[in-house]
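Hi,

Here is the structure I promised to pass on. Please open it alongside this email.

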Amino acid sequence: MAGHSQFKNIMHRKGRQDAVKAKIFTKLIREITTAARLGAADPAANPRLRAATIAAREANMTRDTINRAIQRGSGSDADANYDEVRYEGYGPGGVAVIVEALTNNRNRTAGEVRSIFSKHGGNLGETNSVSFMFDRLGEFRFPLKAGTADEVMEKAIDAGADDVVSGEGEEGAHEIYCAQENFSAVREALEKSLGEPTSAKLMWRPKNTTPIEGDAAQTLLDMIGALDDNDDVQNVYANFELSDDALAKFAA
C-alpha cells in the first residue's frame with residue numbers, strides 16, 4: 001500500500017473523517033455538478049456522474065443534496081462552471097506529487113497550491129514534470145463481502161482488468177485496476193459480475209515508490225493533509241512508501 005492510500009489509512013485511524021465531512025461533501029458536490037455539466041444529467045447515461053453519485057452515497061450524502069447538485073450542473077448557473085486543473089511537483093524527500101483540482105478561479109487555486117508546496121519544502125513544477133512516473137489507470141473498489149480474493153480475481157480477469165489488490169480488516173477492500181482505455185468496458189463487466197462498486201474512477205498509480213521516514217515523512221503527510229483540506233483540490237497522488245513501523249507511528 002503506497003502513497004495516498006497510506007495517508008488515507010492514517011487519517012481513518014485518527015478519526016479525521018468526521019472533522020472534515022463538510023469538506024468531503026464540498027468536493028463531492030463539485031464533482032457531481034461538473035459531471036452533470038459535461039454529460040447527461042442521468043447517471044445511467046453518464047458514467048462519470050454515476051461514479052460521483054456512488055461516492056456521494058458511500059459518504060452518506062442525502063438523495064436531495066445529490067439531486068440538487070445534478071440540477072445545478074445541468075442548468076445555466078455560471079457558478080457551477082468548474083475547470084479541471086492538474087498540478088505536479090515534488091514534496092519533501094523528493095516525493096513526486098500530482099494534485100487534481102476543480103476550480104472556478106484558476107489564479108486563486110494555483111496560488112494556494114503553490115503556497116502549500118512551498119510552506120512544506122516542496123516545489124511546484126510544470127505540467128507533466130512528474131506524471132511520467134505514474135500510470136493513468138482505472139480503479140474500482142468493491143467491499144470485501146463481494147467475494148473472496150480468488151473469486152474477485154477471476155471475475156476481474158474475465159472483465160478485462162489487469163491487476164487486483166485485496167485488503168483485509170475493517171478498512172479493507174478489493175481494488176481492481178485496468179488500462180485507461182478499457183475503463184468503460186471493464187466497469188460494465190464488473191457491475192454485471194460483482195455488482196455496483198463503491199468507487200469507480202481514473203487515478204494515477206506510481207510506477208515506483210520512494211521510501212520516506214522521520215521528519216521528512218511527517219512534513220510530507222502535513223503537506224498532503226493541507227492539500228486535502230483545500231476545497232478546490234479533489235485528489236492528491238504521491239509515490240511515497242512508509243515502512244510498517246513508520247505507518248504505525250503516524251497512525252498512533
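Below are my notes on one residue and the strands around it.

First, the ground rules. This is a predicted model, where local features need pLDDT of at least 70 and side-chain atom pairs count only at pLDDT 80 or more, while totals for chains, interfaces and linings use all residues. Residues are numbered from 1 along each chain as its sequence is written, and side-chain values use heavy atoms, with hydrogens and water left out.

Start with T103. It lies in strand β2, residues 96–103. (Strands are DSSP runs of E, at least two residues, numbered from the N terminus.) T103 counts as buried because its relative accessibility is 0%. Buried means under 20% relative accessible area, with a 1.4 Å probe and protein chains only.

Its side chain makes a polar contact with the side chain of R108, at 3.4 Å. That term means a pair of N or O atoms within 3.5 Å; within protein, one must be able to donate a hydrogen and the other to accept it, and residues adjacent in sequence count only if both atoms are side-chain atoms. The T103 side chain also reaches the backbone nitrogen of N105 at 2.9 Å.

Now the strand. In β2, 8 of 8 residues are buried. A96, I98, E100 and L102 point one way, and V97, V99, A101 and T103 the other.

β2 pairs with β1 (residues 83–90) in the antiparallel sense, over 8 bridges. Pairing needs at least two DSSP bridges between the strands. V85 stands opposite A101. β2 also pairs with β9 (residues 233–238), again antiparallel, over 5 bridges. There, N235 is the bridge partner of E100.

Best wishes

Definitions and conventions:
Helix = DSSP H or I, 4+ residues; strand = E, 2+ residues; numbered from the N terminus. Buried < 20%, exposed > 50% of the residue type's maximum accessible area, 1.4 Å probe, protein only.
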